[in-house]
Amino acid sequence: MIDKKKILEKSECMTLLCTKASTHWNTIKIIFNIPLVFTSSAMCIINSISTDANEVKVPNIVVNAVSVLIMSLSNSIKASEKLDLFHRLSIAFMQLSCEIENYDDDVNNDELKLLNNKYENLVTQCLFEEIPDYVKRQIINTFQNKHKPIQLNGLSGLTNSPSIKLNSELSFKV
């Protein structure tokens, strides 16, 4: 059964999850960009100090190698693309949440199906594997007594619950 409250809570959960994920990837992007600024500055300083090109040949090679290494790592991690994806998803989930809130309490079944399809289409675009576990745990704790996407519902191994405890009486805690 599709429920307005359930879709709204899941959409709000995804809004916060994508916002925190975009913040994480923005931090990673900045961490890679700061050394590039320093290496570019160092290259300018090294080249302006000396008039003899042979004197600065080795330092130029070293600084260039460091710059290329940093850019290669940054490109392989693709922090900018992930930042953009999670930022766009955060905005889309926020818009969906606002759209859901604008509906009256007596939403008909067709409207609920439409809202649910919008939600599901956005969720399929989300790369949950690119969201760090600490972010997922924060969201699970924040939305403890609310509906969450299935990827965060506790069966993904991110929480201590549900657990299966085997003892002499074979008791199960779910």
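Helix H1 crosses helix H2 in a left-handed sense, meaning that the near helix is turned anticlockwise from the far one by less than a right angle. Helices here are DSSP runs of H or I with at least four residues, numbered from the N terminus.

Before going on, a word on the source. This is a predicted model, in which local features need pLDDT of at least 70, side-chain atom pairs count only at pLDDT 80 or more, and totals for chains, interfaces and linings use all residues. Residues are numbered from 1 along each chain as its sequence is written, and side-chain values use heavy atoms, with hydrogens and water left out.

Back to the first pair. H1 covers residues 4-49 and H2 residues 57-77; their axes come within 10 Å and cross at roughly 165°. Axes are lines fitted to C-alpha atoms over the stretch in contact, and angles run from 0 to 180 degrees between N-to-C directions. H1 is therefore roughly antiparallel to H2, a label for angles over 145 degrees.

On the H1 side, the residues in contact (heavy atoms within 4.5 Å) include Trp 25, Phe 32 and Met 43. On the H2 side, Val 63, Ile 70 and Leu 73 are among them. By class, this contact has 14 nonpolar, six polar and no charged residues.

Now the second pair. H3, residues 79-102, packs with H4, residues 109-125, at an angle of about 170°, and the axes are 10 Å apart. These two helices are therefore roughly antiparallel as well, and H3 passes H4 in a left-handed crossing. Leu 89, Phe 93 and Glu 99 are among the H3 residues that meet H4, where the partners include Leu 115, Lys 118 and Tyr 119.

Terms used. Angles under 35 degrees count as roughly parallel, over 145 as roughly antiparallel, 65 to 115 as roughly perpendicular and the rest as oblique. Ala, Val, Leu, Ile, Met, Phe, Trp, Tyr, Cys and Pro count as nonpolar, Asp, Glu, Lys and Arg as charged, and the others, Gly among them, as polar.
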